Amino acid sequence: MNVLVINCGSSSLKYQLIDMKTENVLAKGLVERIGIEGSRLKHETAKLDDKVVIKQPIKDHKDALKLVLDALVDEKHGAIKDMSEINAVGHRVVHGGEKFSGSVVIDDEVIKALEECIELAPLHNPPNLMGIRACQELMPNVPMVGVFDTAFHQTMPKHAYIYPLPYELYEKYGVRKYGFHGTSHRYVSQRAAEILGKDIKELKIITCHLGNGASLAAIQNGKSVDTSMGFTPLEGLVMGTRCGDIDPAIVTFVMEKENLDINGMNNLLNKKSGVLGISGVSSDFRDIEEAAANGNERAKLAIDKFDMRVKKYIAAYAAVMGGVDAIVFTAGLGENSITNREAICENLEFMGVKLDKEKNNIRGKEAVVSTEDSKVKILVIPTNEELMIARDTIDLVK
């Protein structure tokens, strides 16, 4: 069976077509700048050097999906002969609120529930819904599944997800920790157990999804018991442009001093802070690392702040679970930054964490990078959210 995995942003559409017999990617690509001048499709197949860029006006997500489907069946650059070879579609959906604790087959009731979650994820759920509706219109007889970023974290105990605010705010508006990156945390924790040859139900794992957006999860016996992102993806670690944890009183103080309205302050916290705000250089860690290497003190400060925040969460989650068996690094920075992994693991020896610097000298591939005598295993595992979505899709529709 072939599964088409769709991930829609406000002006983008990422996709992969996966053969689930082999779990090989047959084709993948990205539609950029939907509804904006300069829109284009970047498409590639498993064939060696088979890449194509199509530039043309793309007014909406339906147009974008039609272009993707045409590319998939194209005689020269396609991966399948016709549309009948797409057996199911898996959609990444950012927010399922408390309504979904797992992936679901999409029907009218599910769509209604997703619409009700829009106020919790106003930037993400609307384009996710656009992608679903476009697929339903162009592929009306193909079963579809929604896979939620928040679902994996629905196993958190109530004392982990409740905020110390008036309880009525939770009852009336659903103000609580939801957590994100759940599909990634679930994939790499399961893969870590496989690599270690252990039953995930017997392990305590801390997964570190470190990229421009970043979060940690404490996974005990295969279930998320805490995670660093909260009501929104703003809570937790220092990120590319997001501030993460700060004193809430700073918000009203800065709004008054800088004469900012709600939108202005929201923009400052989400788009002008993080390592960009500290360094003044970039939100891209590669740029910041280069600047730090060239003596930029603020760039070095940004890296040090990021590493310390990750280290604090690792130690905190070890305490929450009463120990830790494995720490997993994943996503762009976690998979590729040798220096960040080393700095994060430094001074965690008291917990039984010992990094092997020689083994750690790798980028973008699976490896156990702890020493042989390290009580806590340290792993680097490239995430594969698309494969996780495709697996859930097959499980529900076959």
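Predicted model: local features only at pLDDT ≥ 70, side-chain atom pairs only at ≥ 80, totals over all residues.
Local features need pLDDT of at least 70 and side-chain atom pairs count only at pLDDT 80 or more, while totals for chains, interfaces and linings use all residues. Residues are numbered from 1 along each chain as its sequence is written, and side-chain values use heavy atoms, with hydrogens and water left out.

Start with the overall layout. The domain assignment gives domain 1 (2-148) and domain 2 (197-385). Such bounds come from an automatic or database domain assignment. The C-alpha centres of domain 1 and domain 2 are 29 Å apart.

Next comes a sheet. Helices (H or I, at least four residues) and strands (E, at least two) are DSSP runs, numbered from the N terminus. Eight strands form an open sheet with mixed pairing, in the order E5-E4-E3-E2-E1-E6-E8-E7. Strand E5 (51-55) and strand E7 (104-105) are the edge strands, and each pairs on one side only. Two strands pair if DSSP finds at least two bridges between them. Strands of a sheet pair through backbone hydrogen bonds, either parallel or antiparallel. Strand E4 (residues 40-45) and E5 take the antiparallel sense, over five bridges. Within E5, Lys 51 is the bridge partner of Glu 44.

Strand E6 (residues 88-93) holds Arg 92. The UniProt annotation "binding site", from an unreviewed entry, covers Arg 92. UniProt positions are given in the numbering used here, feature names are shortened, and annotations may be inferred rather than shown by experiment. Is Arg 92 buried, partly exposed or exposed? Arg 92 counts as partly exposed because its relative accessibility is 22%. Buried means under 20% relative accessible area, exposed over 50%, and partly exposed in between (1.4 Å probe, protein chains only). Contact means heavy atoms within 4.5 Å. Leaving aside neighbours within four places in sequence, Arg 92 is in contact with Ile 6, Asn 7, Asn 128, Val 147, Asp 149 and Ile 389.

Now turn to helix H6 (residues 182-196), where Ala 193 lies. Ala 193 counts as buried because its relative accessibility is 3%. Beyond its neighbours within four places in sequence, Ala 193 is in contact with Lys 198, Ile 200 and Leu 203. Ala 193 and Gly 222 are 29 residues apart in sequence and 9.3 Å apart in space, C-alpha to C-alpha.

His 181 sits in the loop between helix H5 (167-173) and H6. Its phi is near 60°, a positive value in a residue other than glycine. His 181 is buried, with a relative accessible area of 12%.

The expected span of a helix is 1.5 Å times one less than its number of residues. The 25 residues of H11 should therefore span 36 Å, and the end C-alpha atoms are 36 Å apart, which agrees. Asn 296 caps the N-terminal end of H11, with a side-chain oxygen 3.0 Å from the backbone nitrogen of Arg 298. Just after H11, Gly 322 takes a positive phi of about 75°.

Asn 347 is not a glycine, yet has a positive phi of about 75°. Asn 347 is exposed, with a relative accessible area of 54%.

Terms used: Polar contact = N/O pair within 3.5 Å; in protein donor to acceptor, adjacent residues only side chain to side chain.
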